[in-house]
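Work through the exercises below with the structure open beside the text, and try each task before reading its solution.

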Amino acid sequence: MTKQERVQWLLRLFPSAWRMRYEEEFTELLLQQRLGPFVLLDVIMCVLDAHLHPEFSGPQYIPGKNPYRAPLLAGFCAYIVFVLAGMAFYGMVDDSPYLKVMHQGGSLHWAWNITADLAGLTLLAMLAGGVPIVLVALRQAFKEKRKDLLLLLALPLFALVSLIVIYGGTILIILLMGGSHLPQSGTQLIVSIWSISFIIAAVVSVAGTCLAITRSAVGISLFKFARYPGIITTAAMALVVGGIVWWGISAGEALPQVFAGNLAGWVAIVAVMALATLVAGFSAARSFSIHNQTS
Amino acid sequence: MPTFDLGLGRFSEPALLILVSLAGGAKHGYSMMEDITHISGVKLGPGTLYGAIARLEQRNLIEPLPSEDRRQPYRLTEAGREFLQMQLNNLEQFTTTGLRRLAAS
């Protein structure tokens with residue numbers, strides 16, 4: 001690889017707005033340098049800085065053009081953390097002695113069902129606010145032939161396919177090894193691999209979607225509208241946390257010995273969900289306060 | 001106490017060095033790096049240089065000049081000149097105080 005090619009490759013790592021403003025002169029400067037490890041590290045730090053601070057990417061970016069975007073994306077990220085914690089809660093309840101008690105009715109049954117309904121409401125509200133924004137970003141990406149946006153928006157799809165391959169591959173290996181009776185350590189290893197893969201896929205998907213929306217020029221009106229589903233999502237998230245606390249108290253009364261074994265996990269789940277709800281709440285409040293300041 | 005912190009985080013010190021370099025006349029990136037090494041002994045990396053340039057330009061403290069080739073020269077704006085004067089005055093006061101205290105001790 002020639003020096004020119006290496007410099008061009010490095011430049012591709014910068015956001016497009018930064019490249020539009022500084023690419024030519026920065027290329028010239030890099031061509032005058034020896035591209036040793038310290039220079040490369042320095043340039044990589046500059047790449048990270050350019051992604052983290054798009055406001056310094058030259059006049060193409062107008063600071064404060066869409067003040068709603070950052071809080072709404074922060075709320076979205078908090079929601080995904082909330083969902084992951086919720087899935088951990090589902091994993092704790094699924095295929096457990098709680099199910100039998102829950103089928104008999106009573107407080108545990110109602111706590112579970114109401115929490116599940118509220119979780120559905122959070123999803124619907126998030127989709128109502130988020131899907132129009134993603135669709136407009138996608139349409140722009142196709143219309144303007146923005147490969148960077150298309151790649152970022154395709155990341156959730158790649159992540160899903162990767163998960164299917166990992167999960168399917170693991171099951172295939174187990175079947176080829178001759179059976180479903182795995183030792184405890186083997187089962188734990190598989191569950192760990194699946195869980196870590198799932199978390200990585202979620203992080204990659206969310207990061208890709210957020211970066212794509214940050215780089216696209218989705219109109220401010222959609223973000224303004226998204227404040228309302230955002231506040232509904234946050235309120236429903238708070239109620240879900242309340243529902244899980246109610247479920248925990250009921251589980252402690254109905255199956256004290258079983259619940260004692262799950263207590264630490266339950267507390268961790270509630271703590272993560274409460275924290276995510278707080279972040280989502282601050283983000284929603286921020287988007288409304290921006291509206292009050294600017295209108 | 002005067003510091004190198006221009007509200008630009010880790011780019012404060014490189015930004016001040018760039019401003020001092022441009023106080024000697026308009027320069028493009030490579031010339032700035034050479035000049036800064038010459039006047040301060042600090043060797044700025046290209047990424048750090050452009051991180052600071054982007055911030056200084058956004059704050060209207062420096063501006064690009066028309067260029068005939070791919071190299072982009074920059075110069076101080078009037079606001080940049082005043083800002084640099086203020087920073088250097090602060091540093092001078094700080095240095096004077098430090099030297100006076102050293103002499104008295």
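**Exercise 1: a helix pair in chain B**

Task: determine how helix α1 (residues 12–23) of chain B and α2(B) cross, and which residues make the contact.

Solution. The axes of helix α1 (residues 12–23) of chain B and α2(B) come within 9 Å of each other and cross at roughly 100°, where axes are lines fitted to C-alpha atoms, for helices over the stretch in contact, and angles run from 0 to 180 degrees between N-to-C directions. Helices here are DSSP runs (H or I, at least four residues), numbered from the N terminus. α1(B) and α2(B) are therefore roughly perpendicular to each other, since angles under 35 degrees count as roughly parallel, over 145 as roughly antiparallel, 65 to 115 as roughly perpendicular and the rest as oblique. From α1(B), the contact (heavy atoms within 4.5 Å) takes in B:L17, B:I18, B:V20, B:S21 and B:L22, and from α2(B) it takes in B:M32, B:D35, B:I36, B:I39 and B:S40. Sorted by class, the residues of this contact of α1(B) with α2(B) are seven nonpolar, two polar and one charged, with Ala, Val, Leu, Ile, Met, Phe, Trp, Tyr, Cys and Pro counted as nonpolar, Asp, Glu, Lys and Arg as charged, and the others, Gly among them, as polar.

This is a predicted model, in which local features need pLDDT of at least 70 and side-chain atom pairs count only at pLDDT 80 or more, while totals for chains, interfaces and linings use all residues. Residues are numbered from 1 along each chain as its sequence is written, chains are lettered from A and ligands numbered from 1 in the order in which they are written, and side-chain values use heavy atoms, with hydrogens and water left out.

**Exercise 2: a helix pair in chain A**

Task: describe the crossing of helix α6 (residues 106–143) of chain A and helix α7 (residues 147–176) of chain A.

Solution. The axes of α6(A) and α7(A) come within 8 Å and cross at roughly 140°, and the two helices are therefore oblique to each other. On the α6(A) side, A:V134, A:A137, A:L138, A:A141 and A:F142 meet A:L149, A:L150 and A:L153 of α7(A). The residues of this contact of α6(A) with α7(A) comprise eight nonpolar, no polar and no charged.

**Exercise 3: the largest pocket**

Task: find what lines the largest pocket, and which helix gives the most to that lining.

Solution. The largest pocket has a volume of about 920 Å³, a volume being the space filled by probe spheres set on grid points that are joined across faces, edges and corners. On a 1 Å grid over the protein atoms alone, a pocket is an open set of points with protein on both sides within 12 Å along at least five of seven lines, whereas a cavity is a set where a 1.4 Å probe fits but cannot get out, and lining residues have an atom within 4 Å of a point. Of the 43 residues that line the largest pocket, A:F76, A:Y79, A:I80, A:M126 and A:T209 are the closest to its centre. Helix α6(A) gives the most to this lining, with 11 residues, and the lining of the largest pocket divides into 34 nonpolar, nine polar and no charged residues.

**Exercise 4: the cavities**

Task: list the residues around the second largest cavity.

Solution. A search of the whole structure finds two cavities of 30 Å³ or more. The second largest cavity holds about 40 Å³ of space, and its lining consists of A:W18, A:D49, A:A50, A:H53, A:F56, B:Y50, B:G51, B:A54 and B:R55. α3(B) provides the largest share of this lining, four residues.
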